[in-house]
Amino acid sequence: MSVLQALEEKLSKMPAPIRLKDLIRNIRAARTAADERSVVQKELAQIRDLFRDEDSVYRCRNVAKVLYIHMLGYAAHFGQLECLKLIASPRFTDKRIGYLGATLLLDERHDVHLLMTNSMKNDMNHNTQYVVGLSLSCLGSICSPEMSRDLAGEVEKLLKTSNAYIKKKAALCAVRITRKVPELMEMFIPSVRSLLNDKNHGVQLTAVCLVHEMCERSPDTLLHFRKLVPNLVRILKNLIMSGYSPEHDVSGVSDPFLQVKVLQLLRVLGRKDPDASEAMNDILAQVATNTETSKNVGNAILYETVLTIMDINSESGLRVLAVNILGRFLLNNDKNIRYVALNTLLKTVQADMNAVQRHRSTILDCLKDSDISIKKRSVELCFALINASNVRTMVKELIFFLDKADPEFKSYTSSNIFTACDRYSPNKRWHIDTMMRVLTAAGNYVPDDSVSSLIQMISETGSLQAYIVQQLYKALKDDISQQPLAQVSLWCIGEFGDMLVAGVVDEEEPIQVRTYYLPALHVDSLKTKTPNYDPGMTEPLQVSEDDILDLGESLMNATSSSQVTKEYALLAMVKLSARFSPQSLERIKKIVIPYSQSMDMELQQRSVEFGALINTYNHMRAGLLERMPPMEKKDTDKVNNGELTDEQLESREISIPSTQNESKGLLDILGDGDFTAPVNNQPNKSEPMSSGGELLDLLGGLDLSAPPTVAPTIQPMGAPLNSVPNLMDGLDALQPMTTTTTATMNLMNQNTDLLGGLTNNIGAPSIPPIMAVDKDGLKVEFNFEKEGSAPHVVNITLKATNSTTNPFSSFIFQAAVPKTFQLQLMSPSGDLVPPNNSGAITQLIKVANPQNANLRMRYKFSYSTGGSTVSDQGEVNTFPANMFT
Amino acid sequence: MIKFVLILTKQGQTRLSHYYMPIELTERPTLEADVIRRILARAPGQCSFLDYEDYKIVYRRYLALYFIIGIDDDENEVATLELIHLIVETIDKYIPKVTDLDLMYNVEKMHMILDEMIMNGRVVETCKNKILAPIQLMDSQR
């Protein structure tokens, strides 16, 4: 009795694997998720064993089970290779399951799929149409660029057969190949016309898809296929004129799917082309008038027709017809149709604003619909419809909507209201009223950047500040839990607290703006909570200093307050110490000083600073805490310091083919933006400690991180010319508080002497690299190397890496330096930055500095990833100070 | 373009899933669960379309089953709704009075029907007889 015999015996006794049906039954019988898992795991283990034993009798059955288990969400990729074996099998049932498995388990990201290429090629030449069909269907769903190149020839051959079943599938494979490898498109173009003229609807349908895909991939092909418009018109005409055909009839409409596809293609062909548009005018009118509207299918076609009419250069009469159809859609009882109407209006709003405006009231009604999908579309549409003439009514309605909206809409709606106000607000008062109203309505859903933009706006609206601070004070008193509201209010209270106590209200602008607006919206909610709320607000509000401090203190202690809100509150208190009477100072001290023990660094720092200000520098306090000057909006359009930068800088860029356009783009970099350090907008920068922080920042620019071992070797050297101007440059930023500069200057001079010596001494051997760009996964690092012969020339080696999962292609980096420098940009090592930090591009930049000035560099880069182009620009001024010594 | 076709039960069990775009195995159950949750949150009279991530979901309910198609922005929603009905009618023609259990035990047949109707995310055939011809031929060979 040999082992072999025993084994054979055992194998023959082994029961056949259960059928798929039985497996499903077993899984269904499982009571708990754990039971189900154990059934599945047991089955998978058995299937794996059988696969390992190369069992071919039951392979088909086993793969079918694997597919079912895969659908349930279990990992079943070990079945991939078995699918390939099934595909190679001569039996049709095997092939059927094999191809199904391949489409479900494989995709183009797995290299395994390339192993199928040969079997698929064989099957495409099979004499049974269904085998060819299987192979084509699989190719259509998993084809990769490599496979496209291998099999495009076969597909092209199959497009020319007489068999409609094969032709329609081959056409969709051609679509896929065109998408993957556009240059292979050429070979399919000659077959298109005969495909479109085929009698079979499936072939026509897929041929239309193929033409559509080709037109989208290449503008040249689009031009070529404009000739096909009459053919497409004929197809449509046949469809609407022909009588009842049972094969493709869907509730009385003849092949709606084909009609929709043809209309989509006509849209692409007619766009921006008067002749093609002219050729399709008549048929579009026919479709628009003849289509049955009582059924869903009819509406699908009308919807597509309207989109096409609005997108091409159609006659005005046709446009009126289309807009009327949309009007009917909007009033339809079927919500699906209303949704589609809103969607279409959204797509056509750019093309024909006035036509859409006509439906404004109906659209506003849709805001009240209970259906989220409809609400979402109508909100989007409302924002698209706002213009200077209707901004008041639209925003009013949108604020109503905001009051009752679901949380998911609040953020979107509020930030869009802000944008709309920015663009169209009729006057400042209305604008600020609206923004305050949105703050109370949207609460914590207001996006963070709105807080700073509102503060900036209030700061430049001098005449309304007293009114604003009163309004905000009341709103805040009413509800302290809404962070954005609290932050804006606290800032205002800090700045204008004295006005609040004095109760001054300057009424420069007509009050009816508010009386029409605020009472309608604001009061109802507030009145119920605060009975003494006065909507007209003609009476000045009586607020004492203590009331305000109470409010501030309650915000500091409230659990609902975020860290940022507390910071705003603390700073407001500090500022109030200069606005309020000396009696309040003691109270403020009591509130603020305990925070010097706070665990939060920001709060602690501010509190300590305040302590120092009171104890040591009390004479400076009033000056330091003065009201801030109006903040300038950081708008590049308004800043015009182009002359200055033109003088200072000159572009010297020798890089990739520099065409006219590119150098123009580079001039743009130089032209806009303020090149000097920006004025600080932050309120907290007006304190002495923070200017100390600024000082540290500046020093950080110098090389403080030098190894300590070098430190003792400081030698007295001549005045370190190169580091001082750097610091003075930075001081521009500190201009507003001249009071502090005297104190800090001394300190700084000392520091620079010391450090200048230090850096001069240790700079020569090596210059540490710096990170010039670190944005969206792109990192550009500068490494420095001295050119031995010429001391004032530095070679900067740029190294660009990419930490995202997509490659960056056509990467271009350009640079410009001030006139006193000479810049030479060598050609880069490539233009593709591979993903996941798996490689880098290097580029050499030579900078000569004959006058020994401080280097600053403007850069601009661009690259494309995931089909979109990214570009950005900026400035590097953190070059090591010692690089040219 | 059609991105996926799903048949889900009210309880969120998958009866059929076919994706026309590459998707990780781990993302699938989350997507399916999210989609069915959003659909169940909707009242019967509401519209059949909703936005989910980058897809537009078109769904239709047949007794306890939800037929769901995910499409991109260029596809016609109403026509997709009609496509769902066509799929159901085709299945019903193949298995008269089709039930949930029929779908479950004939899952590979359902895939074959779907393969004849949709390929590479596009509709390939809309005539029921032509769709069913190869499948019926295969059944008769057994």
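Analyst: Let us begin with a term. A polar contact is a pair of N or O atoms within 3.5 Å; within protein, one of them must be able to donate a hydrogen and the other to accept it. The model shown here is predicted. Between chain B and chain A, 22 residue pairs are in polar contact, counting pairs with both residues at pLDDT 80 or more.

User: Which elements of chain B each supply at least two residues of the side that touches chain A?

Analyst: They are strands S2 (14-19), S3 (49-52) and S7 (122-123), together with helices H2 (77-94), H3 (100-105), H4 (107-117) and H5 (128-141) of chain B. H2(B) gives the most to that side, with seven residues. By class, the residues of the side of chain B that touches chain A are 25 nonpolar, eleven polar and 18 charged.

User: How many salt bridges does the rule find across the interface of chain B and chain A?

Analyst: The rule finds nine salt bridges across this interface. Lys168(A) forms a salt bridge with Glu125(B), and their closest N and O atoms are 2.7 Å apart.

User: How is the size of an interface expressed?

Analyst: The size of an interface is often given as the accessible area lost when the parts come together. Here chain B and chain A bury about 5300 Å² between them, with 57% of it on carbon and sulfur atoms. Tyr105(B), Met119(B) and Arg122(B) supply 13% of the area that chain B buries against chain A, more than any other three residues. In terms of contacts, 54 residues of chain B meet 67 residues of chain A.

User: How does one describe two packed helices?

Analyst: Two packed helices are described by the angle between their axes and the distance between the axes. Helix H19 (residues 335-348) of chain A packs against H2(B) at an angle of about 145°, and the axes are 10 Å apart. On the H19(A) side the residues are Asn336(A), Tyr339(A), Val340(A) and Asn343(A), which meet Glu77(B), Val78(B) and Leu81(B) in H2(B). This contact has four nonpolar, two polar and one charged residues.

User: Why is one side of strand S4 and of strand S8 of chain A left without a neighbour in the sheet?

Analyst: The open sheet has five strands in the order S4-S5-S6-S9-S8 (chain A), with antiparallel pairing. S4 (770-775) and S8 (822-825) of chain A stand at the edges with a single partner strand each, so one side of each has no neighbour in the sheet. From one strand to the next, the twist averages 20°. Within the sheet, nine bridges join S5 (residues 778-786) to S6 (residues 793-802) of chain A, and Glu785(A) stands opposite Asn795(A) in S6(A).

Key
Residues are numbered from 1 along each chain as its sequence is written. Chains are lettered from A and ligands numbered from 1 in the order in which they are written. This is a predicted model: local features need pLDDT of at least 70, side-chain atom pairs count only at pLDDT 80 or more; totals for chains, interfaces and linings use all residues. Side-chain values use heavy atoms; hydrogens and water are left out. Contact means heavy atoms within 4.5 Å. Buried area is the accessible area (1.4 Å probe) that two parts lose on being put together, summed over both. A salt bridge is a side-chain nitrogen of Lys or Arg within 4 Å of a carboxyl oxygen of Asp or Glu. A polar contact is a pair of N or O atoms within 3.5 Å; within protein, one must be able to donate a hydrogen and the other to accept it, and residues adjacent in sequence count only if both atoms are side-chain atoms. Helices (H or I, at least four residues) and strands (E, at least two) are DSSP runs, numbered from the N terminus. Ala, Val, Leu, Ile, Met, Phe, Trp, Tyr, Cys and Pro count as nonpolar, Asp, Glu, Lys and Arg as charged, and the others, Gly among them, as polar. Two strands pair if DSSP finds at least two bridges between them. Axes are lines fitted to C-alpha atoms, for helices over the stretch in contact, and angles run from 0 to 180 degrees between N-to-C directions.
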